[in-house]
Amino acid sequence: MEYLQNKFGKKLDKCILCSSEKIYHYHTDFNGIDIFRCKNCGVQFMNPQYSDVYLSEYYSGYSVDEPQWEEPLLYCHDYYLSLIEKYVNKGNLLDVGSGKGYMLAAAKKRGWEAAGYDVDEKWNEKLSRKLDVEIKSGNFLELEWKTEFNAVVMHHVIEHLKNPLLYIRKIYELLKKDGVLFLALPNINSRSAVFKRTLEKMGIRKKNTGAYYDTGHHMFYFTPGSLRILLEHNGYEVLTTKSGHAARPNQTALKRSFMRNISDRLLWKSTFLMICRKKELFTAI
Ligand SMILES: [Zn+2]
């Protein structure tokens, strides 16, 4: 049980994303996990973070037995791809954190040349055979790929990382000129999270405080504003920001149109998505 004794690493004394030392304690969740906030870029993060040994134990055996997909989730990924295709031609797509393979399956169906990355090698092998796509594991930051990518996807991945900055920079190198990066993630300033946090700070809500941070496996907590700062400071131009989509295939056309054109633009929901483009001639400082 070594991994439980060393559950946490060293306390961070500056922001991992922008290097600012102006970080401060912001909240504590019901498990006693401390959440800090960076005054400079606005990101919130667990501090201290889980240790590497704890995380590798946590993520081992994350997968299920056989690849199979639920129709509503496939539908959602198909919609996300249709948004990506507004900004870039179909070509090579890399799904970072390909998980159960929803994005890979939907991308292949739409005519993309898809490839994936995830931590569980055994699962990747199974999925790779089923979909006939390449899925790599290992240290993502050191992986080399045969091709550059027109699009890279991070669907509910960035909030799990100990250092999102290194991934954002690595993906910059993997993208073709004018390639796009799609991110979907929780919004820590969703209407519901802001409401609950306000009640908690007033001492009115005392149970399950900060449960919306999902500190069991999330280490960074973004808002559309703090994610935009991270991307713009690292060579990307933000093209669109919307709420995450929860449409189901059997929705009426009217409801679907309302969601896509009105409610998804309000950024109230618990998740959001952002599509950004790699700018040319950017050198990280
Ligand atoms: Zn910062």
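This is a predicted model: local features need pLDDT of at least 70, side-chain atom pairs count only at pLDDT 80 or more; totals for chains, interfaces and linings use all residues.
## Overall form

The protein has nine helices and eleven strands. Its radius of gyration is 19 Å, close to the 19 Å that the globule rule gives for 285 residues, so the protein is as compact as a globular protein of that length. Taken along the principal axes, the C-alpha atoms fill a box of roughly 50 × 50 × 45 Å.

Of the 285 residues, 35% count as buried. When contacts between residues at least 6 apart in sequence are considered, 71% of them join residues at least 24 apart.

## Two domains

The chain is divided into domain 1, made of residues 1–60 + 188–211, and domain 2, made of residues 67–187 + 222–285. Their C-alpha centres lie 24 Å apart, and 13 residues of domain 1 are in contact with 17 residues of domain 2. On the side of domain 1 that touches domain 2, the residues divide into seven nonpolar, five polar and one charged.

## The largest nonpolar core

The largest nonpolar core holds 66 residues, and the members that touch the most other members are Ala151, Val152, Leu181, Phe182 and Leu183. Strand E8 (residues 175–186) gives the largest share of this core, seven residues. Because both domain 1 (1–60 + 188–211) and domain 2 (67–187 + 222–285) give residues to this core, it lies between them. In soluble globular proteins, nonpolar side chains tend to be buried together.

Ala151 illustrates how such contacts are made: when residues up to four places away in sequence are not counted, Ala151 touches Ile84, Val88, Leu93, Gly179, Val180 and Phe182.

Helix H4 (residues 102–109) has eight residues, of which six are buried, so the helix is largely enclosed by the rest of the structure. The buried residues in H4 are Tyr102, Met103, Leu104, Ala105, Ala106 and Ala107.

What covers these buried residues includes helix H3 (71–84) and helix H5 (121–131), together with strand E4 (92–96), strand E5 (113–117) and strand E7 (149–155). H4 is followed by Gly111, a residue whose phi is positive, near 95 degrees.

## The four-stranded open sheet

Four strands form an open sheet in the order E1-E2-E3-E9, and the pairing is antiparallel. Strand E1 (23–28) and strand E9 (220–221) stand at the edges, each with a single partner strand, so one side of each is left without a neighbour in the sheet.

Within this sheet, strand E2 (residues 34–38) and strand E3 (residues 44–46) pair in the antiparallel sense over three bridges.

## An exposed loop residue

Is Leu266 buried or exposed? Leu266 counts as exposed, because it has 10 C-beta neighbours inside 10 Å, whereas the cut-off for an exposed residue is 12 or fewer. This leucine lies in the loop between helix H9 (253–261) and strand E11 (271–278). Leu266 and Gly225 are 41 residues apart in sequence, while in space they are 13 Å apart, C-alpha to C-alpha.

How values were computed
Residues are numbered from 1 along each chain as its sequence is written. A nonpolar core is a set of buried Ala, Val, Leu, Ile, Met, Phe, Trp, Tyr and Cys residues joined through C-beta atoms within 7 Å. A residue is buried if 20 or more other C-beta atoms lie within 10 Å of its own, exposed if 12 or fewer, and partly exposed in between; C-beta atoms are placed from the backbone. Helices (H or I, at least four residues) and strands (E, at least two) are DSSP runs, numbered from the N terminus. Domain bounds come from an automatic or database domain assignment. Two residues are in contact if their C-beta atoms, placed from the backbone, lie within 7 Å. Ala, Val, Leu, Ile, Met, Phe, Trp, Tyr, Cys and Pro count as nonpolar, Asp, Glu, Lys and Arg as charged, and the others, Gly among them, as polar. The radius of gyration is taken over C-alpha atoms; the globule rule is 2.2 Å times the number of residues to the power 0.38. Two strands pair if DSSP finds at least two bridges between them.
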